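Please look at the sequence and the model below before reading on. The paragraphs after it go through the structure step by step.

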Protein chains: 2
Amino acid sequence: MKSLRRVVLLLMTTLGAVSGFARSLVSPEVTADGRVTFRLAAPDAQSVVLRCEALAVETAMVRGESGVWSFTTEALEPDIYTYSFVVDGARMTDPANPLLKYNLLNSDSEVHVPGPASLPWELNDVPRGVVHRHFFRSKVVGDERDFLVYTPPGYKADGRTRYPVLYLLHGYSDDATAWSTVGRANVILDNLIARGEAQPMVVVMPLGYGSLDIVRAGWNRERDPAREDGNVDTFARTLLEEVMPQVEAEYAVARDREHRAIAGLSMGGRESLIVGLNHLETFAWVGAFSPGGFRDDFPTKFPGLEAADNKRLCLLWIGCGTEDGLINMNRRVHAWLDEKGVRHTWVETPGAHTFRVWRRYLAQLAPQLFQPRR
Amino acid sequence: MKSLRRVVLLLMTTLGAVSGFARSLVSPEVTADGRVTFRLAAPDAQSVVLRCEALAVETAMVRGESGVWSFTTEALEPDIYTYSFVVDGARMTDPANPLLKYNLLNSDSEVHVPGPASLPWELNDVPRGVVHRHFFRSKVVGDERDFLVYTPPGYKADGRTRYPVLYLLHGYSDDATAWSTVGRANVILDNLIARGEAQPMVVVMPLGYGSLDIVRAGWNRERDPAREDGNVDTFARTLLEEVMPQVEAEYAVARDREHRAIAGLSMGGRESLIVGLNHLETFAWVGAFSPGGFRDDFPTKFPGLEAADNKRLCLLWIGCGTEDGLINMNRRVHAWLDEKGVRHTWVETPGAHTFRVWRRYLAQLAPQLFQPRR
């Protein structure tokens, strides 16, 4: 009788895992004290490994009798962590978990360990902005692309208000949706605006590539410097010649440099520095989160930048995690700017090359934007 | 020398599969004549199975020397097909493919076999509408939810134009994004409007659940009739009392029944029939694509419906695929409506319970909406 029950249970679990229906399997399960149990039904697998950014190392999951593999962490700090499973050498997202970190090369699952309402990415009962997705054919590149626009709560296009605008750029292998879905930029702005800590602003999140070929080619070929420069240059044209004119025609945004900011993460941080610092006639506020792709080639990347630009640069903000592989290059960016006498804010925080760092950086940067000069 | 090369290749493939970077593996690969090759790097797997809606049966993939499993189809008709891999009993999306059919219970990968520009879901060089995503806390349910709004190309809120509005409902286990991302509703409308085949209209795509508990509980418990009815009733309140007032306050939409339509697929088809036909004071146009959840209980679901309603019902459109498990129940819906003398359009087409059918149905239905009565 007991073994019949086991067979039926095993059958149900197998069918559940394969069909995705009749799912009693819960993964991830988060306890009140922040421990997380990950589960995967993989009855025929030889090995299931958990890769989770909350854990220092890859962790073998343990097979239960029913063919469900599982692992439970210690209590984790409140945050949003990415993870995936490796099943007999094949990497996969968690099929039981709808919370996805979508990515063009490398989607992961996410687990949200809830924290206090004061954490910038937590949903609160505050007025919510709207996220608009625009599609267009790029004449510059000849492809179909998109950009997302966050309008703050109470946004009005009544001809009286002109909102300041932040252009917010994603990283390599992300797409235009990443800052709002994974980065929770709209939630972070809603919270900051509700607390009176940030100016109501429009946030534009464009596709950040010169061409998607750079993604199709994969990371290694993107490491070709000429290709990287071409990518930034072409992206800059799509931003300045195509996205910005559409935004300024369709939204009630200010059109002067002191009400325009540009910031981004990783590849997008590189882009925000190169586009922003070389177009101070357009942007007065520049931010870079863990910018990548520099090779001690700052003089050629910022040929005109000098201390005299301090008058025009309302804020230059650069941050990087101390566990990020890019920390040393970014420390050299910081030292070079110091040497040039270019005023900037340099921030080192704990953390690696991850949205756990970048959500915090957006929450730090946004309140400083469009404020009277210090 | 040759074996060293093989070890290096194997190592690269393994690292590529696990890290997601340095990916030379292309999957899916579509040839000009429509054959599709699926590939998965799973060097340690015992078995990899392909489940693709283009194929009648599950298909074992074949392991190549490098640990990459692959399978090539015959030439496929141009369309968008869903598929997934089952690796040693664990179902997964294709890690090499960014085209995802996101779903709360059951995400799949998609392969697009391109076709002529006349296919309704193909991207064309036509003016594009915008998709707006709104977030709100539901007072009816007490949860956080969202709705998406498509505004047509050239949409103007100038006080002169009032657009007709279609409320378009997703199916069980989808979310509010499904109709635009998977269903390509915005692309379909852009194409139809550019050809002058559909009226410029606003399309509202709300989250379609009374409560997300019905998803968390899984499909089997959703089959509880009382629970299903509760789900529809509560969803109807969020639609009528919360979503519609927000839409009518924020968009230039008409507010009379003759300029409001409601349609949906599967669970959303059931909802569009129950909400639409019981609220003819609000909706004059009702469509249902493969509606589900009926149990020959039509008299209790549509207690007031009668032939006299033909005067008020501008269009009642019901379609179902002949390979859909719901075809017989829907034929009985059709027969019951005939018996009652309720005028309606009944469409049977080849196809199963899939977006391949529903994209076509949207392209059939939209041109008929808001047209002068026949």
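This is a predicted model: local features need pLDDT of at least 70, side-chain atom pairs count only at pLDDT 80 or more; totals for chains, interfaces and linings use all residues.

Residues are numbered from 1 along each chain as its sequence is written, chains are lettered from A and ligands numbered from 1 in the order in which they are written, and side-chain values use heavy atoms, with hydrogens and water left out.

Start with the two chains. Chain A is superposed on chain B by a rotation of 180 degrees, with 0.0 Å of shift along the axis and an RMSD of 0.0 Å. The two copies are thus related as by a two-fold rotation axis. Such a superposition is done by least squares on the C-alpha atoms of residues with pLDDT of at least 70 in both copies. Which residue of chain A comes closest to the rotation axis? It is His132(A), whose C-alpha lies at 2.0 Å. Of the interface residues of chain A, 98% are also interface residues in chain B, so the copies meet through the same surface.

Next come the sheets. Helices (H or I, at least four residues) and strands (E, at least two) are DSSP runs, numbered from the N terminus. Two strands pair if DSSP finds at least two bridges between them. Strands of a sheet pair through backbone hydrogen bonds, either parallel or antiparallel. In chain A, four strands form an open sheet with the order β1-β2-β6-β5 and antiparallel pairing. Its edge strands are β1 (29–30) and β5 (62–63), each of which pairs on one side only. Inside this sheet, β2 (residues 36–41) and β6 (residues 68–72) of chain A run antiparallel and are joined by five bridges. Phe38(A) has Phe71(A) as its bridge partner in β6(A).

Chain B also has an open, antiparallel sheet of four strands in the order β1-β2-β6-β5. There β1 (29–30) and β5 (62–63) stand at the edges with a single partner strand each, so one side of each is left without a neighbour in the sheet. The antiparallel pairing of β1(B) with β2 (residues 36–41) of chain B runs over two bridges, and Glu29(B) has Thr37(B) as its bridge partner in β2(B).

Now turn to two helices of chain A. The axes of α3 (residues 185–194) and α10 (residues 355–365) come within 10 Å and cross at roughly 35 degrees. Axes here are lines fitted to C-alpha atoms, for helices over the stretch in contact, and angles run from 0 to 180 degrees between N-to-C directions. Ala185(A), Ile188(A), Leu189(A) and Leu192(A) of α3(A) make the contact with Arg359(A), Leu362(A) and Ala363(A) of α10(A), where contact means heavy atoms within 4.5 Å.

Aromatic rings also link parts of the chain. There are 36 aromatic pairs over all chains. Rings of Phe, Tyr and Trp (its six-membered ring) pair if their centres lie within 6.5 Å; planes under 30 degrees apart count as stacked, over 60 as edge-to-face and the rest as tilted. The ring centres of Trp285(A) and Phe370(A) are 5.7 Å apart and the planes are at 65 degrees, so this pair is edge-to-face. Trp285(A) lies in strand β16 (residues 285–289) of chain A and Phe370(A) in the segment after α10 of chain A, so the pair ties together parts that are 85 residues apart in sequence.

Last, consider the backbone. Most residues other than glycine have a negative phi, and most peptide bonds are trans. The peptide bond from Ser27(A) to Pro28(A) is cis, with omega near -5 degrees, and Pro28(A) lies in the loop between α1 (2–19) and β1 of chain A. Asp88(A) is not a glycine but has a positive phi of about 45 degrees.
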